[in-house]
Amino acid sequence: MTEESKIVTVQMNDIPEEEPVSGLICAAYSEPGGRASQQDSLFSGERDGMLLAAVCDGMGGMNGGETASELSARFFAEAFYEEEISDIADFLERAARRADDAVFNLTEDGRPMGAGSTVVSVLARGRELYWISVGDSRIYLFRRGELLCPIRPHNYGELLKRQLAEGKIDEAAYRAGQKNAEALISFLGIGGLKLMEQNRQPFWLEDEDQVLLCSDGLYRSLSEERLRELLMSGMSTGVLVKKLVQEAVEAGGAKQDNTSAILIRCRLA
């Protein structure tokens with residue numbers, strides 16, 4: 001990996017607000033919450049007028065989760081700095097599939113580790129924004145007071161909703177399945193990754209748009225209304241991303257999950 005890349009797997013540690021990349025300002029922050037280990041890994045970096053950011057949330061026990069998320073972030077970082085990027089959507093899909101294979105093949109004492117990681121990642125080039133998601137971390141797009149999440153979580157609950165809407169299950173089966181609603185049905189490390197969310201055509205950024213990537217520790221503790229309030233606050237990018245994470249940690253209390261976020265603000269005018 002090149003020295004300019006940056007993998008962050010730290011606890012209670014500020015990640016400085018970066019200098020604008022073609023009009024984009026990026027900052028990140030992460031805290032362990034009430035957990036004994038930090039299983040979230042973050043990456044942000046720039047090259048050739050492009051900005052890549054990724055949030056990975058590990059699963060599979062303390063060692064497995066830490067290893068899976070860091071390896072996943074590392075694959076995105078290395079691909080970003082080492083590959084020629086012409087088709088951004090294809091690049092993000094390749095990075096996800098390679099990370100999936102790498103995590104799937106992790107072993108411990110000669111046995112499969114059985115670890116996994118979510119990922120949400122965006123790559124911006126000028127006004128063009130592309131994203132990819134595997135798992136249940138989130139991307140939010142904020143524009144003029146409106147908050148949009150363009151991706152669906154890959155969990156059993158969403159599968160049940162779709163099956164109910166398509167008439168494949170009845171209400172009784174839907175209710176019975178809710179006890180496993182949060183179980184992931186797609187993640188990096190599942191092997192032969194098939195289910196992911198991404199845009200093939202660019203989302204066109206406007207001046208003062210904000211893009212928020214976060215692990216579930218943040219969105220499970222802060223309502224979308226509170227997210228809107230904070231994103232409208234006028235705080236600087238670095239101050240705001242720290243505020244988002246710390247407020248989520250405070251709201252979650254002693255059992256709060258690892259909580260991480262990357263915030264990108266557009267200054268394109």
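Predicted model: local features only at pLDDT ≥ 70, side-chain atom pairs only at ≥ 80, totals over all residues.
Residues are numbered from 1 along each chain as its sequence is written, and side-chain values use heavy atoms, without hydrogens or water. Local features need pLDDT of at least 70 and side-chain atom pairs count only at pLDDT 80 or more, while totals for chains, interfaces and linings use all residues.

**Cores**

A nonpolar core is a set of buried Ala, Val, Leu, Ile, Met, Phe, Trp, Tyr and Cys residues joined through side-chain atoms within 4.5 Å. Buried means under 20% relative accessible area, exposed over 50%, and partly exposed in between, with a 1.4 Å probe and protein chains only. The largest such core has 26 residues, and Phe76, Phe80, Leu92 and Leu123 have the most contacts inside it. At least two residues each come from strand E5 (50-59), helix H1 (62-82), helix H2 (88-104), strand E8 (116-125) and strand E9 (128-134). Helices (H or I, at least four residues) and strands (E, at least two) are DSSP runs, numbered from the N terminus. H2 gives the largest share, seven residues. A second, separate core has 22 residues, including Leu24, Ala28, Ile262 and Ile264.

Leu92 is in contact (heavy atoms within 4.5 Å) with Leu52, Phe76, Ser121, Leu123, Tyr130, Trp131, Ile132 and Gln198, leaving aside residues up to four places away in sequence.

**Strand E15**

In strand E15 (residues 259-266), eight of eight residues are buried. Thr259, Ala261, Leu263 and Arg265 point one way, and Ser260, Ile262, Ile264 and Cys266 the other. In a regular strand the side chains alternate between the two faces of the sheet.

Two strands pair if DSSP finds at least two bridges between them. E15 pairs in the antiparallel sense with strand E3 (residues 24-31) over eight bridges, where Glu31 stands opposite Thr259. E15 also pairs in the antiparallel sense with strand E14 (residues 210-214) over five bridges, and there Leu212 has Leu263 as its bridge partner.

**Aromatic pairs**

Rings of Phe, Tyr and Trp (its six-membered ring) pair if their centres lie within 6.5 Å; planes under 30 degrees apart count as stacked, over 60 as edge-to-face and the rest as tilted. The count is four aromatic pairs, among them these:

| Pair | Centre to centre | Angle between planes | Type |
|---|---|---|---|
| Phe43 and Phe80 | 6.4 Å | 70° | edge-to-face |
| Trp131 and Phe203 | 6.1 Å | 55° | tilted |

Phe43 lies in strand E4 (residues 40-47) and Phe80 in helix H1, 37 residues apart. Both Phe43 and Phe80 are buried. Trp131 is buried at 9% relative accessible area, whereas Phe203 is partly exposed at 21%.
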